[in-house]
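Let's take a friendly walk through a protein chain together. Have a look at the sequence and the 3D picture below, then read on.

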Amino acid sequence: MPEHHEEDGKKLICLQTMEPDVIPSSKVLDDLKVTESEIEYKDLDFGPNFIKLKITDGVRELLTVIRDKNTPRTDFIFYADRLIRLIVEEGLNKLPYRKCSVVTPTGQVYDGLRYEKGNCGVSIVRSGEAMEQGLRDCCRSLRIGKILIQSDEDTHDAKVVYANLPKDIHQRKVLLMYPIMCTGNTVIKAVKILQQNNVNEANIILLNLFCTPQAANQLVTEFPGMTILTSEVHPVAPTHFGQKYFGTD
């Protein structure tokens, strides 16, 4: 059974503060020194370990509803959960499998696959917790740890306040969950905490929903061996995501 850390979670909610990556979109554009018309962000290539979800009409609708300021919170959560599930399923495709054979009800032998044991999830509080249920829906027995990172309101420098990780995390593949990346500072700090716990960056799979070009470039430069999955790279990230999802806007 996954570790829910419910008591710890209640304490963490009381520690709400501006997350390092949840900063005004205008600040991100100032840092990039570009506007949407000045950069072909859709064609940027961040290397083989940076993977974008295939944008179908259905996925585009999900992105549109989540970004729409007029979307009611109930609809927002419903569409966000659908997008989260797509990213989670894609992340599970990156985990190791082993070949196996099973016998069907008709007595036939079917050659298939099973997950290798030794995987876990880690959510970066608080926004990352929105992705936990999507992971649990797919992997009911997966252990989930948490990392709480706060930032200075002026400098946006990230610092770790709390970390609760599986003791044997260095032996596991890690699905790191954080939906919004404007600068990449939060994830960088979280990955360094994982590395301090002897997790190889090649064993980390970042599950993300919205990412700016700045954050993408910073992460692939800092951790070239880490796999990154996202649904969209765009200069303006929906920084209202966590507040609207949890009803604190």
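## Two helices side by side

In this predicted model, α6 crosses α7 in a right-handed sense. Helix α6 covers residues 185–196 and helix α7 covers residues 213–222. Two packed helices are described by the angle between their axes and the distance between the axes. Here the angle is about 20 degrees, and the axes lie 9 Å apart. Angles under 35 degrees count as roughly parallel, so α6 is roughly parallel to α7.

Which residues of α6 and α7 make the contact? On the α6 side they are Asn185, Val187, Ile188 and Lys192. From α7 come Gln218, Leu219 and Glu222. Sorted by type, the residues of this contact are three nonpolar, two polar and two charged.

## A closer look at Glu132

Now find Glu132, which sits in helix α5 (residues 132–138). Is Glu132 buried or exposed? Its relative accessibility is 6%, and buried means under 20%, so Glu132 counts as buried.

If you set aside the neighbours within four places in sequence, Glu132 is in contact with Ser123, Ile144, Lys146 and Met177.

## The whole chain

Stepping back, the chain has eight helices and 12 strands. It is made of 249 residues, and 48% of them count as buried.

Technical notes:
Residues numbered from 1 in each chain as written. Predicted model: local features only at pLDDT ≥ 70, side-chain atom pairs only at ≥ 80, totals over all residues. Heavy atoms only, no water. Helix = DSSP H or I, 4+ residues; strand = E, 2+ residues; numbered from the N terminus. Buried < 20%, exposed > 50% of the residue type's maximum accessible area, 1.4 Å probe, protein only. Axes fitted to C-alpha atoms, helices over the stretch in contact; angles between N-to-C directions. Parallel < 35°, antiparallel > 145°, perpendicular 65-115°, else oblique. Left-handed = near helix turned anticlockwise from the far one by under 90°. Contact = heavy atoms within 4.5 Å. Nonpolar A, V, L, I, M, F, W, Y, C, P; charged D, E, K, R; others polar.
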